[in-house]
Amino acid sequence: RAVAMSVSHSSRLNKLVREQYMRLPQGGLVQVTYVWIDGSGEGVRCKSRTLDKEPKSIEDVPEWNFDGSSTAQAEGSNSDMFLVPVCMFRDPFCLDPNKLVLCEVLKYNRKPAETNLRHTCKKVMDLVKDSHPWFGMEQEYTLLGINGHPYGWPDNGFPGPQGPYYCGVGADKVYGRDIVESHYKACLYAGVKICGTNAEVMPSQWEFQVGPCEGIEMGDHLWMARFILHRVCEDFGVVATLDPKPMTGNWNGAGCHTNYSTEEMRRDGGLKHIEAAIEKLSKRHDYHICVYDPRGGRDNSRRLTGHHETSNIFEFSAGVANRGASIRIPRQVGQDGFGYFEDRRPAANCDPYAVTEAIMRTTVLDETGVETKEYAEH
């Protein structure tokens, strides 16, 4: 008996018919899709325009605008917002020579929109560029049917308990691998620095990793990887949620573990610099929790319980190979005496610009307390 999966209507449209049109020549014109973060600080939006030749660099892509009153970013009476192109990728959906372009959002007065966290992150990354900060972020997400129920789970009830699903293989252990592999290939084509993927502990939960990226590049590449994920899921008719605790009860939540190092941490003897950075982080736990999800820690409070491979949100901890700690030093790094460490606190729906900026402010710029310093343009 065929089981009716909960997928969107548009995913059932005939994709072969679409292919007929996608193969048509473009006559030297280029389709550019502008991508930006909306007023929720989590959602991405996009719209496309035609350019008369292929842009070779981000400077070749003109600024544009959009109606901010429809994205919770402006009043209807003064709704035009500016889209400022900042990072360009190949388009894996419309193919070469078409482009995906990530944009910053500016208000009518050219000041950054409230959810444009890239603006201050870029300022901080320019300040600390001599320390050559590298990041790698592990984006966990959960696939849902269009009905909001985890994809592949029984309509009434639950799958078997966690255990066989993490890095699992087999139709009874993993759900939605077609989506995961399509997303991976699409990111590689686009030029996103995706470096791996795996099935996660909760069934229908997955993870992909982006990095290593230096400085502002981390946020740019993770946001574009997220956009591509949502766009791939649209084709398959399912939903990818970045909710940090999509299922209550005895199920793992979803994080965005952030691996980090500076040049001195990566050199011989770097472990002492890693330990010094962790010491600074230990004194600023509340500030980091506030910026590690879009709701000032409220989303993460559902996830960081001290159970299901998490630390407790109210306590800072660090340890070698300890997945129940706020900060994990990989065992290999402990043995080598240099390398990187992993901040396990960021939620799956964090803004990577906010996370990477906060880490730099604390570990390199030596900020303390819950207030942040204003820095002049560098």
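Predicted model: local features only at pLDDT ≥ 70, side-chain atom pairs only at ≥ 80, totals over all residues.

Colleague: Which residues does the "GS beta-grasp" annotation cover?

Modeller: In the unreviewed UniProt entry, "domain: GS beta-grasp" covers residues 30-110. UniProt positions follow the numbering used here, feature names are shortened, and annotations may be inferred rather than shown by experiment. The span is 48% strand and 0% helix, with its end C-alpha atoms 28 Å apart. Helices (H or I, at least four residues) and strands (E, at least two) are DSSP runs, numbered from the N terminus.

Colleague: In what order do the five strands lie in the open sheet?

Modeller: The order is β2-β1-β5-β4-β3, with mixed pairing. Two strands pair if DSSP finds at least two bridges between them.

Colleague: Why is one side of β2 and of β3 left without a neighbour in the sheet?

Modeller: β2 (44-51) and β3 (64-67) stand at the edges and each has a single partner strand, so one side of each lacks a neighbour in the sheet. From one strand to the next, the twist averages 40°; axes are lines fitted to C-alpha atoms, for helices over the stretch in contact, and angles run from 0 to 180 degrees between N-to-C directions.

Colleague: Do go on to the pairings. Which way do β1 and β5 run, parallel or antiparallel?

Modeller: Strand β1 (residues 30-37) and strand β5 (residues 99-106) run parallel and are joined by four bridges. Val 32 has Lys 99 in β5 as its bridge partner.

Colleague: And how many bridges join β4 to β5?

Modeller: Eight bridges pair β4 with β5 in the antiparallel sense, and Val 84 has Glu 104 in β5 as its bridge partner. β4 (residues 80-90) is also antiparallel to β3, through four bridges, and Phe 66 is opposite Met 81 in β4.

Colleague: Changing topic: what are the bounds of the domains?

Modeller: The domain assignment gives domain 1 (9-115) and domain 2 (125-364); such bounds come from an automatic or database domain assignment. Their centres, taken over C-alpha atoms, are 26 Å apart. The contact (heavy atoms within 4.5 Å) takes 22 residues from domain 1 and 23 residues from domain 2.

Colleague: How much area is buried between domain 1 and domain 2?

Modeller: About 2000 Å² is buried, and carbon and sulfur atoms give 69% of that. Buried area is the accessible area (1.4 Å probe) that two parts lose on being put together, summed over both. In domain 1, Glu 42, Phe 89 and Phe 93 lose the most area to domain 2, together 33% of what that side buries.

Colleague: What does Glu 42 form with Arg 295?

Modeller: Glu 42 and Arg 295 form a salt bridge, with the closest N and O atoms 2.3 Å apart. The rule requires a side-chain nitrogen of Lys or Arg within 4 Å of a carboxyl oxygen of Asp or Glu, and across the interface of domain 1 and domain 2 it finds one salt bridge.

Colleague: Lastly, where is Leu 95 found?

Modeller: Leu 95 is in the loop between β4 and β5, and its phi is near 70°, a positive value in a residue other than glycine. Pro 97 is also in the loop between β4 and β5, and a cis peptide bond joins Asp 96 to Pro 97, with omega about 5°.

Terms used
Residues numbered from 1 in each chain as written. Heavy atoms only, no water.
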